[in-house]
2 protein chains.
Amino acid sequence: MEVKIKKAETIKPVIETDKLGFGQHFTDHMFNMDYNHQKGWHNPRIEPYAPIIADPAMMVFHYAQAVFEGLKAFYSKSGDILLFRPKDNFKRLNDSCRAICIPQVDEEFALKALKQLIEIEKDKVPQADGTALYIRPTIVATDAYLGVKPSDTYRYFVILSPVGAYYAAGFNPIKIWITKNHVRAIKGGIGCYKAAANYAASLYAGKEAAAKGYAQVLWLDGEKRKYIEEVGAMNIFFVIDNQLITPELSGSILPGITRKSVIRLAKEWDIKVSERQISVEELIEAYDAGKLQEAFGSGTAAVISPVGEIGYDDKVLNINNGKVGEMTAKFYKRLTDIQYGRAEGPDGWVEKI
Amino acid sequence: MEVKIKKAETIKPVIETDKLGFGQHFTDHMFNMDYNHQKGWHNPRIEPYAPIIADPAMMVFHYAQAVFEGLKAFYSKSGDILLFRPKDNFKRLNDSCRAICIPQVDEEFALKALKQLIEIEKDKVPQADGTALYIRPTIVATDAYLGVKPSDTYRYFVILSPVGAYYAAGFNPIKIWITKNHVRAIKGGIGCYKAAANYAASLYAGKEAAAKGYAQVLWLDGEKRKYIEEVGAMNIFFVIDNQLITPELSGSILPGITRKSVIRLAKEWDIKVSERQISVEELIEAYDAGKLQEAFGSGTAAVISPVGEIGYDDKVLNINNGKVGEMTAKFYKRLTDIQYGRAEGPDGWVEKI
């Protein structure tokens, strides 16, 4: 398929670095492609960023049949624009599609089209330290129909948002809160896919956590409410007794690409890493025994997010005196060095545009 | 608040009764109202049915922050248009709002505005036997922002769809299939609210069921995958040993208004009715002992849906020889008699427009 290109007539001014924020400014163009049963995915086009003319009966509004991905393009010192493991994102997009009955896209074509889009927007990739171009491929169900069934038509679109350094105030640990009352996902459900529906279920506990002064929720498993799962926006890692531990991919946890990258780097560095069930009790025991050394989250937005405090009931786990741990810092540095082209990563991790 | 009214300039032709279907044709007008933190819900208006101009970053596309309701208006023999327990729908809408951090609406105002809308569309309420005007109040998050948090802005809208008799081919039993591999909802999640997100999670199993020749999925609980929950589009009832049994509202089941109405009628008729956990094992034992006499679903779309077959693994439960049961038929007749104004129901069940 040939991507049709229609350039925007007016170009928005470049946003100043300190006003970028996250996911609130968008570039001048977007990629669009439509699906119906007769034509499959068709009419791929790069065109000015524009609203979707959405029938009020559009199925995504009523039944949340939507999936998305999140990845970033980085501006390197040498002037190249780099993508981090983008093939994995498009593979996961198709996994998500399968899970909620959305027709899959051609992964190679989708990546090629993304590169074309970024090429057009290359002046909008921010260059300051820690900034990036956040990329949001999304698919939504577009039938104007209220019966509960997979839609017959879809829109695939990609929008781009220049984003600021996630840690504008420095690389500081966050506080996360374990909820016992709310459950994000369950085995047999869709928690291991990047489906829009998972996020709606996370908002209430997020609000409760915020009211208690915590930045994020750490979710437990839905069956026993005992085992640690993930943070919703990130996977979670613990350093206990010099070992790196992260919950195994049990079917209700998102298989994070940053998570996978951390595990790979840990193995290269001969850090003992274990993907397994870990209960809150075990975490608290390790803490009480002085063996919980570090905790951090991994995800596209923040890459690595040091955790300085975990709240659970009346218990507060104060991790590494609220300071960034050594291993946490090491993963952050290594990953961002690779992403920004300051260091060579494993084969295939970085793709030039 | 005053509802502003702008009439449509062109009126679509009335759809022939046998072409109505469900949720595919919409009337000429819709109700709209917007929310922001400064003004709260504001600018209520009835205007021509029109697309929503949706920014591609609109939060509902990405995080499924959306809730809805479903109710019907019925054309009575005397020429009145009747709503069935609409206050309960708006109360439940607000319960759903709370659960996913959407600002609540004024229930009385919302009902008043709905009546105004239907008054304008009264010629579009179909009059043939078994037809109705399906009503879909919906709220979607409208911020153009990719951070995961509750939106600051929302659109509330109501669209109307003239719908045909659900049982166009007669009031015939359907086949439903119990899935062991997929889970719709979990205690601590949002399965007991009418959130768009719940439906995305149900599509895959629905497709599997369809491939096996079943019309709907009967879901089990997410913890033990043992106890019967609901059908996704309906609550479920069994008649075992002359008793009416339905799963209790455990936190992962939608509290159906038709469900509640069936229970109330059963009590009036001195039918022993029990809201409690019921396992698949118990159901199969009752079946094997010849005590499973009837099964039916309850919901707004079909009112009462007789179930003639339940599939589970390799086991097939053939209920009442695939014929509509006596109690099933009795509930259907009584409920539809009340809804269409052919009989008087309990106080407050029916509201004239």
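Contact here means heavy atoms within 4.5 Å, and the model to which the term is applied in these legends is a predicted one.

**View 1. Surroundings of B:Tyr156 in the nonpolar core.** With neighbours within four places in sequence left aside, B:Tyr156 is in contact with B:Phe31, B:Asn32, B:Met33, B:Trp41, B:Phe90, B:Leu93, B:Val105, B:Ala110, B:Pro137, B:Thr138 and B:Ile139. B:Tyr156 belongs to the largest nonpolar core, which has 165 residues, and is listed there among those with the most contacts inside the core, together with B:Phe61, B:Leu244, A:Phe61, A:Tyr156 and A:Leu244.

**View 2. The largest pocket.** This pocket has a volume of about 1,000 Å³ and is lined by 48 residues, of which A:Val148, B:Tyr166, B:Gln216, B:Gly232 and B:Ala233 lie nearest its centre. Among the elements of chain B that each supply at least two residues of this lining are helix H2 (86-99), strand S8 (132-141) and helix H6 (257-268), while the largest share, five residues, comes from H5(B). By residue class, the lining of the largest pocket divides into 25 nonpolar, 15 polar and eight charged residues.

**View 3. The second largest pocket.** Here the volume is about 900 Å³, and the 44 lining residues include A:Tyr166, A:Gln216, A:Gly232, A:Ala233 and B:Val148, which lie nearest the centre of the second largest pocket. In chain A, strand S8 (132-141), helix H5 (203-211), strand S11 (216-218), helix H6 (257-268) and strand S15 (292-299) each supply at least two residues of the lining, the largest share of which, four residues, comes from H5(A). The lining of the second largest pocket comprises 25 nonpolar, 13 polar and six charged residues.

Definitions and conventions
Residues numbered from 1 in each chain as written. Chains lettered and ligands numbered in written order. Predicted model: local features only at pLDDT ≥ 70, side-chain atom pairs only at ≥ 80, totals over all residues. Heavy atoms only, no water. Core = buried A, V, L, I, M, F, W, Y, C linked by side-chain atoms within 4.5 Å. Buried < 20%, exposed > 50% of the residue type's maximum accessible area, 1.4 Å probe, protein only. 1 Å grid on protein atoms, 1.4 Å probe; cavity = no way out; pocket = protein on both sides within 12 Å on 5 of 7 lines; lining within 4 Å. Points joined across faces, edges and corners; volume = space filled by probe spheres on them. Nonpolar A, V, L, I, M, F, W, Y, C, P; charged D, E, K, R; others polar.
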